[in-house]
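Welcome! Have the structure open beside you as we go through strands, a cavity, a helix and the confidence scores.

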Amino acid sequence: MHSTRYIYTFVLIMTTVVAVVLAGMNTFLKPIHQANEAVFNKRAVLKSVKGTAAVDALSDEEVVAEFKNVTQMVVNMNGDTFNPEQVKAARNFKDKPGMAEDLDLAKEKKKDEKDRLHPLYVFDNGGKKTYVTAVRGSGLWDEIWGYIALDADKNTIVGTSFDHKGETPGLGAEIKDNPTFPLSFVGKKIRNTKGEFVSVLVKKGGADKTNLHAVDGISGATVTCDGVTEMLERGLKYYEPALAKK
Amino acid sequence: MAETAVQEKEPLFGKKERKLLTDPLDSNNPVTVQVLGICSALAVTTLTFKALVMSVAVVFVCGFAALITSLLRNMIPSQVRMIVQLVIIAGLVTIVELSLKALNYPVYKDLSVFIGLIITNCIVMGRLEAFSLANKPWRSFLDGIGNGLGYGLILIIIAVIREIFGKGTLMAGSPFGQFNIIGASNETMSYMINTAAEGSWFSWYTNNGLMVLPASSMFIIGIIIWVQRSWNKELVDIS
């Protein structure tokens, strides 16, 4: 049997050693982690414009280079635009430049609707503009999010990419894993012929092909699909004033 | 403690040492015989590459946790030994997590909580309690590595089956590229399916949705246990 003093000393020394090693390692690897995370997020945005397979084929350097041609904007639900300095001040960023990609969208979602900042990426492809909006909502188990790319008419969807935190593989996770799901949004319109905002519905049991405002749902993933519907309707609406001003 | 006395003749890879490494692969497998670590075997086996990364992580954690525990075994106060083991395991798991986040971010995102959950994997803690606390460092290290490999072996077998039949691919998402084996993901097959007449034999395979669900690994583990017991009669428990 060891004395109480010995136990305390042992545990204290041991935890200190482990803490120092881990803290050191974390500090040392942090720049790499941040760079990886930035590329990962850039890929998600690019996927909505170029498609998953094309972006997966790009190297990290190519992704960063590609992203240099993208105009990054930060807007709020009233359509006001924020410059990087204002974003930096509003969000207390210390080591980030305050671009659209620096926003932590999970944290933004927790804020009051009026205070939220939304990223808006503008791709310029030879004078033809593509607007990429970010939406975020809830699936069955946890958060789901996605990027929706809109054509220059700010109405037709040209591409989407979705991701999730913990949806069931084979069911809800199909929004990300099944390549046909994001593609089914291509060509759909978020406004009706009168120009009113109607969003796109993910329809249980399948949507009519001629319907411009609905896509097929995923069997066995009704809650996740309803989450996508809700996320699109609410999320795209935040961008309406900002897009109208462009 | 008795084992502190130096014993003569302890070869680096004697019969006993080899047994420590190979036993957990078959007759003392942590998954199929001791039925430990099932939770992660269900969760991370949808893709082979994910399972491979998970296996490497468990081998690393298991091996080094056993080594460190064994080195400290005479110093660890027995009253707090579980907590000390937990600190060692948690430290190693965090090292793995930080390294993976730097090396392959998409896989880190995919495995999410399951790397962290190695801490609660009964295999690691079980081996530390049962073996490392009473054995010398080198042997404990081999025992840890062996058990990690035994777990990894089963994980990879399950993942290969699930990925081929569930997605038609092998090693999808790995930096080495993926192989398209069967079904629509295979270009030749996809061409044949699309051009073949309705009902011809080319159109027989569509990806099996069950294989992607966690339940399928339960079935596969069951089948593996059955197959293993039908050739290794020692495991059959007649009572």
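In this predicted model, strand 3 and strand 4 of chain A pair in the antiparallel sense over 6 bridges. Strands here are DSSP runs of E with at least two residues, helices are runs of H or I with at least four, and both are numbered from the N terminus. Two strands count as paired if DSSP finds at least two bridges between them.

**The sheet**
- Strands of a sheet pair through backbone hydrogen bonds, either parallel or antiparallel.
- In chain A, 6 strands form an open sheet in the order 2-1-3-4-5-6, with antiparallel pairing.
- Its edge strands are strand 2 (81–82) and strand 6 (157–164) of chain A, and each pairs on one side only.
- Across from Leu120(A) you will find Thr133(A), in strand 4 of chain A.

**The cavity**
- The count comes to 1 cavity of 30 Å³ or more; on a 1 Å grid over the protein atoms alone, a cavity is a set of points where a 1.4 Å probe fits but cannot get out.
- The largest cavity has a volume of about 140 Å³, meaning the space filled by probe spheres set on grid points joined across faces, edges and corners.
- Its lining has 13 residues, with Leu105(A), His118(A), Ala134(A), Val135(A) and Arg136(A) nearest the centre; lining residues have an atom within 4 Å of a point.

**A helix in chain B**
- Helix 8 (residues 137–167) of chain B has 31 residues and should span 45 Å at 1.5 Å a residue, which agrees with the 43 Å between its end C-alpha atoms; the expected span is 1.5 Å times one less than the number of residues.
- Just after helix 8 of chain B, Gly168(B) takes a positive phi of about 80°.

**Confidence**
- Chain A averages a pLDDT of 89, where pLDDT is the predictor's confidence in each residue, from 0 to 100.
- Chain B averages a pLDDT of 83, and 85% of the residues score at least 70.

**Reading notes**
- Residues are numbered from 1 along each chain as its sequence is written, chains are lettered from A and ligands numbered from 1 in the order in which they are written, and side-chain values use heavy atoms, leaving out hydrogens and water.
- In this predicted model, local features need pLDDT of at least 70 and side-chain atom pairs count only at pLDDT 80 or more, while totals for chains, interfaces and linings use all residues.

Notes:
On a 1 Å grid over the protein atoms alone, a cavity is a set of points where a 1.4 Å probe fits but cannot get out, and a pocket is an open set with protein on both sides within 12 Å along at least five of seven lines; lining residues have an atom within 4 Å of a point.
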